[in-house]
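Take a look at the sequence and the structure below.

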Amino acid sequence: MNKYKDICSIIPIGFSIEKRTIFKIKWGIGKMKILIWSQMHGNETTGTKSMFELFHFFLMRKNCDLVQFLKKSLTLLFIPMLNPDGAEIFQRRNAINIDLNRDAIRLQSPEMQILFQEIEKNNPNILFNLHDQRSIYNVGHKNFNPAILSFLSPSISMEKNTYSISRKKSMGIINFIANKIYKILPDIGSIGRFSDELYPTATGDRLQKLGYPCILIESGNYPKDFQKKIIRKYTVLSILSGIYFISSSIGVDLEKNYKSYFDITENKNILLDKIYRKVQIRKNQNNFFVDIGLMNFEKWDLMKKNRINLLYLLF
């Protein structure tokens with residue numbers, strides 16, 4: 001973070017369960033406030049890396065017209081690692097096994113208390129919630145079409161077709177981002193939309209219901225992009241497109257084309273990492289042919305202090 005101290009303010013805002021410092025980075029001087037947080041799940045790192053690539057762009061191109069326009073129009077508030085204890089051992093939950101993304105009502109964890117305090121203190125106009133998505137998601141269900149990115153404007157009610165002004169705004173912003181990213185997608189892969197199912201204790205659902213437009217970006221999967229370098233490029237461009245649209249639309253209805261959000265195809269949990277067809281197995285002197293699917297899971301090796309890939313069998 002110190003690399004960017006000449007263009008940003010780096011501010012400690014609290015401590016995790018295990019007393020690791022949680023930081024906020026502030027960039028820009030504009031009236032429109034956007035708060036972005038990443039790694040509320042400690043093993044989901046792509047959003048954090050993407051935001052630092054964006055800050056690198058701001059640093060290297062600080063005098064270009066686009067960066068100057070954004071700097072004068074926006075104030076970006078970024079919490080790069082909301083769950084540093086989980087990040088330390090590459091696990092989803094925090095040090096006391098709480099999923100921070102299901103603690104938005106009880107606020108038992110200090111990490112979530114910090115997030116909500118920052119939101120209440122700064123009263124941001126727009127929120128971005130950055131996550132990683134596993135490689136099992138496909139856009140549609142007919143062809144191999146992995147979800148490079150998935151977006152969600154969280155629901156506010158169990159009733160379908162219920163749209164507050166905050167949700168309409170986040171839907172409108174997602175629609176703009178998707179239309180821009182569609183133009184530069186590779187031949188394989190697309191953009192997906194998450195289900196509208198309500199999760200009352202989830203962070204996005206809770207904040208959207210409280211009146212904060214909330215955009216969830218899930219960095220997904222591209223074949224053989226194991227380090228998510230290609231995925232990270234599209235995540236950076238999505239965030240950049242979103243903040244540009246917001247800064248260009250000050251005084252204009254962000255929700256104008258919100259209904260087009262539903263033109264984004266819903267993603268489906270139907271993919272496997274490997275499939276072996278017609279594998280012969282033997283049981284009680286009988287031969288059988290089965291299909292075997294493998295799902296990849298990443299774990300943290302405490303001894304070697306690195307990530308390892310585990311494969312789970314599915315018959």
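Asn123 lies in the loop between helix 4 and strand 5. Helices (H or I, at least four residues) and strands (E, at least two) are DSSP runs, numbered from the N terminus. The model is predicted: local features need pLDDT of at least 70, side-chain atom pairs count only at pLDDT 80 or more, and totals for chains, interfaces and linings use all residues. Residues are numbered from 1 along each chain as its sequence is written, and side-chain values use heavy atoms, with hydrogens and water left out.

Helix 4 itself covers residues 110–122, which is 13 residues. From first C-alpha to last it reaches 18 Å, close to the 18 Å expected at 1.5 Å a residue. The expected span is 1.5 Å times one less than the number of residues. Which residues of helix 4 are buried? They are Glu111, Met112, Ile114, Leu115, Phe116, Glu118, Ile119 and Asn122. Buried means under 20% relative accessible area, exposed over 50%, and partly exposed in between (1.4 Å probe, protein chains only).

Lys228 is not a glycine, yet it has a positive phi of about 60°. Lys228 sits in the loop between strand 9 and helix 7. Is Lys228 buried or exposed? It is buried, with a relative accessible area of 14%.

## Helix 5 and its partners

Helix 5 spans residues 165–182 and has 18 residues. It reaches 26 Å from its first C-alpha to its last, close to the expected 26 Å. Its buried residues include Gly172, Ile173, Phe176 and Ile177. An α-helix has 3.6 residues a turn, so residues three or four places apart point the same way.

The buried residues of helix 5 pack against several elements, among them strand 5 (126–132), helix 6 (203–209) and helix 7 (229–248). Contact means heavy atoms within 4.5 Å.

## How helix 5 meets helix 7

Two packed helices are described by the angle between their axes and the distance between the axes. Helix 5 and helix 7 pack at an angle of about 130°, with axes 9 Å apart. That makes helix 5 oblique to helix 7. Axes are lines fitted to C-alpha atoms, for helices over the stretch in contact, and angles run from 0 to 180 degrees between N-to-C directions. Angles under 35 degrees count as roughly parallel, over 145 as roughly antiparallel, 65 to 115 as roughly perpendicular and the rest as oblique.

On helix 5, the contact is made by Gly172, Ile173, Phe176, Ile177, Lys180 and Ile181. On helix 7, the contact residues include Tyr234, Leu237, Phe245 and Ile246. Ile246 is buried, at 0% relative accessible area. Ile246 touches Met32, Ile34, Leu74, Ile126, Phe128, Ile173 and Leu254, not counting residues up to four places away in sequence.

## The cysteines

How many disulfides are there? The count is 0. A disulfide is a pair of cysteine sulfur atoms within 2.5 Å. The sulfur of Cys8 has its closest cysteine sulfur in Cys64, 15 Å away, so it is too far for a bond. Cys8 is buried at 7% relative accessibility, and Cys64 is partly exposed at 24%.
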